[in-house]
Amino acid sequence: MRLVLDWDGTVTERDTLDLVLQEFGDVEIYERVEGELERGTMTLNEVIAAEFATVTASLDDVVRHVLEHARVRRGFAELARAQRPLVVSSGFHELIEPVLEREGVLGAVELRANRVEARPDGWRVDFRVSETCEVCGEPCKRGDLPEGEVVYAGDGHSDYCVSLAASRVFATGSLARWLQRRGIAFTPLTDFRRLALEL
């Protein structure tokens, strides 16, 4: 059994991409493209690219903001050291790794995430996955799952398709609501100490 975790809103209590966009991005564009995502007229990759094209701050300034404001769920460090999970994220190595380092678990976690070029004329995202998934019709995390039995924990849109391929799902946020509407079983995600007890 391999434990696979989403990052934003799952490991972290708040979505760090949202933290960055609210501080450094264009709120009007953010609200518009998030609506397009919910309507299914833009893919998640298209939404992320459009949102971060409005960020012109330096990477150092943004990392400083993330480290100041991002909090991880209770029990994450202990779980990371015990389980050595795979973290699969639609976020960026450049923003996730400093938080992992702050928590003392950078070497305990395998990370698969996008990368970003923090350009002064707008950030450019280098997406890890660009191929269209046969199940959901857009680039998604499903292809990052290891073979064999997987326990998955997630919270949002980027977790919808991949959660369906897991043997067991811990969910919160819109993922929990999405699974509930479809009658798909999941365990509510509260914190990682409780998750560890239920593995």
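At 23% relative accessibility, Gly25 counts as partly exposed, because partly exposed residues lie between the limits of under 20% for buried and over 50% for exposed. The model is a predicted one. Gly25 sits in the loop that links H2 to helix H3 (27-39). Along the sequence, Gly25 and Ala53 are 28 residues apart, while in space their C-alpha atoms are 8.3 Å apart. If neighbours within four places in sequence are set aside, the contacts of Gly25 are Val20, Thr54 and Val55.

Two packed helices are described by the angle between their axes and the distance between the axes.

| Helix pair | Angle between axes | Distance between axes |
|---|---|---|
| H2 (residues 16-24) and H5 | about 125 degrees | 10 Å |
| H5 (residues 59-69) and H7 (residues 93-102) | about 45 degrees | 10 Å |

With an angle of about 125 degrees, H2 and H5 are therefore oblique to each other. Their crossing is right-handed. On the H2 side, the contact is made by Thr16, Leu19, Val20, Glu23 and Phe24, and on the H5 side by Asp61, Val62, His65, Val66 and His69. Sorted by type, the residues of this contact are five nonpolar, three polar and two charged.

H5 and H7 pack at about 45 degrees, which makes H5 oblique to H7. H5 passes H7 in a right-handed crossing. Here Leu59, Val62, Val63, Val66 and Leu67 of H5 meet Glu94, Leu95, Pro98, Val99 and Arg102 of H7. The contact of H5 with H7 holds eight nonpolar residues, no polar ones and two charged ones. Val62 and Val66 of H5 take part in the contact with H2 and also in the contact with H7.

The nonpolar cores are the last topic. In soluble globular proteins, nonpolar side chains tend to be buried together. The largest nonpolar core in this model has 47 residues, and Leu5, Phe52 and Phe76 touch the most other members. Which residues does Leu5 touch, not counting those up to four places away in sequence? They are Val11, Phe76, Leu79, Pro85, Leu86, Val87, Val88, Ala153 and Phe192. Another core, of 15 residues, lies apart from the largest one and includes Tyr160, Ala166, Trp178 and Leu179.

Conventions: Residues numbered from 1 in each chain as written. Predicted model: local features only at pLDDT ≥ 70, side-chain atom pairs only at ≥ 80, totals over all residues. Heavy atoms only, no water. Axes fitted to C-alpha atoms, helices over the stretch in contact; angles between N-to-C directions. Helix = DSSP H or I, 4+ residues; strand = E, 2+ residues; numbered from the N terminus. Parallel < 35°, antiparallel > 145°, perpendicular 65-115°, else oblique. Left-handed = near helix turned anticlockwise from the far one by under 90°. Contact = heavy atoms within 4.5 Å. Nonpolar A, V, L, I, M, F, W, Y, C, P; charged D, E, K, R; others polar. Core = buried A, V, L, I, M, F, W, Y, C linked by side-chain atoms within 4.5 Å. Buried < 20%, exposed > 50% of the residue type's maximum accessible area, 1.4 Å probe, protein only.
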